[in-house]
Amino acid sequence: MKSHREELWFETPNRMDFINITQQVEAALAKSGIQEGLCLVNAMHITASVFINDDERGLHSDYARFLEKLAPHEPTSAYQHNRTGEDNGDAHIKRQLMGREVVVAVTNGALDFGPWEQIFYGEFDGRRRKRVLIKIIGE
Amino acid sequence: MKSHREELWFETPNRMDFINITQQVEAALAKSGIQEGLCLVNAMHITASVFINDDERGLHSDYARFLEKLAPHEPTSAYQHNRTGEDNGDAHIKRQLMGREVVVAVTNGALDFGPWEQIFYGEFDGRRRKRVLIKIIGE
Amino acid sequence: MKSHREELWFETPNRMDFINITQQVEAALAKSGIQEGLCLVNAMHITASVFINDDERGLHSDYARFLEKLAPHEPTSAYQHNRTGEDNGDAHIKRQLMGREVVVAVTNGALDFGPWEQIFYGEFDGRRRKRVLIKIIGE
């Protein structure tokens with residue numbers, strides 16, 4: 001069994017942002033030399049997500065609006081978590097709804113994707129450096 | 001390490017539907033000959049889910065009503081994604097809430113399940129042919 | 001390839017509860033002797049979750065309030081699932097929102113975590129004995 005580990009770093013200009021990281025994951029897979037296996041991609045921070053969906057700007061606006069409606073950033077006093085001095089209680093909820101991680105099949109050395117699947121980093125408490133982990137195992 | 005890959009195809013009669021695929025996943029596992037490992041089952045389309053829960057018709061109605069309340073199909077103009085000519089903006093949100101994939105432990109050649117766990121394909125933009133991927137790795 | 005399987009048992013005093021199980025998962029990993037691989041941790045019951053987030057009491061209150069608002073326990077007659085004689089229709093929805101499982105990378109014999117990642121058992125229909133499965137594969 002082979003394994004490969006890589007980190008990606010992000011610092012988004014906005015509190016909420018969606019970044020397509022498919023090419024970076026493909027590059028990590030190529031480096032790994034793994035032909036058949038599983039590829040885990042996860043946010044290493046608890047106010048961020050990794051998820052798979054469409055690379056379409058309107059959709060990302062829809063996600064942002066939906067999440068903001070369910071768990072609004074303001075008023076920050078609405079979240080008990082913010083009594084610790086944080087202001088990101090909403091971001092911890094948004095991240096749970098969008099998910100922490102994806103597991104992607106590796107087949108013939110490629111990410112085994114349907115026609116529109118793309119991997120995104122979802123940031124809900126941005127404007128500081130944060131990481132994504134890629135771990136690939138297989139042969 | 002062994003690996004096994006299989007696709008399942010669906011075309012549901014309704015926009016939203018839940019289909020129990022546990023037996024098909026068990027059949028794929030039997031074919032693989034894998035005794036110990038991990039089994040990934042994921043939707044290959046971005047308006048569909050694979051999830052694990054109970055095979056109970058009332059529960060599935062509850063899921064449908066809950067999702068429709070949070071992200072209603074109508075009015076389709078409420079979603080910026082639909083400006084691309086699509087009418088499935090709601091389905092992209094429903095799929096995120098229910099999840100893209102499950103990872104199931106394989107132990108002694110069987111899916112290592114609790115008493116009520118069953119695997120479902122969740123469709124949110126049906127009436128066309130769509131796929132699920134099964135990828136099993138182990139020994 | 002090595003594999004290791006372990007079950008954790010819980011009986012929470014409340015209907016809804018969040019329990020940090022990171023140390024138990026680390027202990028299972030140490031027993032496995034696996035240095036590089038993937039660690040799956042999943043609820044074996046369909047009204048419970050395993051998820052990764054912060055070990056902060058205020059945040060857990062925020063999660064509980066958010067979930068109760070979206071899918072309130074009362075009135076139990078609001079859920080078709082409860083016509084089966086159950087009263088946990090809400091718990092099946094809460095569990096889907098928080099997720100069934102996490103997959104964690106194993107690197108150098110440790111859970112490969114960001115600074116604040118902790119693994120939680122999330123219970124939404126407690127006061128009876130229920131299980132979590134840990135399955136680790138690798139080398």
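**Helix crossing, sheet and symmetry in a predicted model**

The crossing of helices α2(A) and α3(A) is right-handed. Two packed helices are described by the angle between their axes and the distance between the axes. Here α2 of chain A spans residues 57–70, and α3 of chain A spans residues 89–98. Their axes come within 10 Å and cross at roughly 125 degrees. That angle makes α2(A) oblique to α3(A), because it falls between the perpendicular range, 65 to 115, and the roughly antiparallel range, over 145.

Which residues make the contact? From α2(A) come Tyr63(A), Leu67(A), Glu68(A) and Leu70(A). From α3(A) come Lys94(A), Leu97(A) and Met98(A). By class, the contact has 5 nonpolar and 2 charged residues, and no polar ones.

Now follow the chain from one helix to the other. The loop between α2 and α3 of chain A holds Pro75(A). The peptide bond from Glu74(A) to Pro75(A) is cis, with omega near -5 degrees. Chain C has a cis bond too, from Glu74(C) to Pro75(C), with omega near -5 degrees. Pro75(C) lies in the loop between α2 (57–70) and α3 (89–98) of chain C. Most peptide bonds are trans, and most residues other than glycine have a negative phi. Asn108(A) sits in the loop between β5 (101–107) and β6 (110–111) of chain A.

Turn to chain B for the sheet. Its 5 strands form an open sheet in the order β1-β8-β3-β5-β6, with antiparallel pairing. The edge strands are β1 (2–10) and β6 (110–111) of chain B, and each pairs on one side only. Strand β5(B), residues 101–107, runs antiparallel to β6(B) and is joined to it by 2 bridges. Thr107(B) stands opposite Ala110(B) of β6(B). Helix α1 of chain B, residues 22–32, lies across β1, β3, β5, β6 and β8 of chain B. This helix runs at about 150 degrees to β1(B).

Last, how do the copies relate? A rotation of 120 degrees, with 0.0 Å of shift along its axis, superposes chain C on chain A with an RMSD of 0.0 Å. That is the relation of a three-fold axis. In chain C, the C-alpha nearest the axis belongs to Leu97(C), 3.5 Å away. Only 20% of the interface residues of chain C are also interface residues in chain A, so the copies meet through different surfaces.

Definitions and conventions: Residues are numbered from 1 along each chain as its sequence is written. Chains are lettered from A and ligands numbered from 1 in the order in which they are written. This is a predicted model: local features need pLDDT of at least 70, side-chain atom pairs count only at pLDDT 80 or more; totals for chains, interfaces and linings use all residues. Side-chain values use heavy atoms; hydrogens and water are left out. Copies are superposed by least squares on the C-alpha atoms of residues with pLDDT of at least 70 in both. Contact means heavy atoms within 4.5 Å. Axes are lines fitted to C-alpha atoms, for helices over the stretch in contact, and angles run from 0 to 180 degrees between N-to-C directions. Helices (H or I, at least four residues) and strands (E, at least two) are DSSP runs, numbered from the N terminus. Angles under 35 degrees count as roughly parallel, over 145 as roughly antiparallel, 65 to 115 as roughly perpendicular and the rest as oblique. A crossing is left-handed if the near helix is turned anticlockwise from the far one by less than a right angle, and right-handed if clockwise. Ala, Val, Leu, Ile, Met, Phe, Trp, Tyr, Cys and Pro count as nonpolar, Asp, Glu, Lys and Arg as charged, and the others, Gly among them, as polar. Two strands pair if DSSP finds at least two bridges between them.
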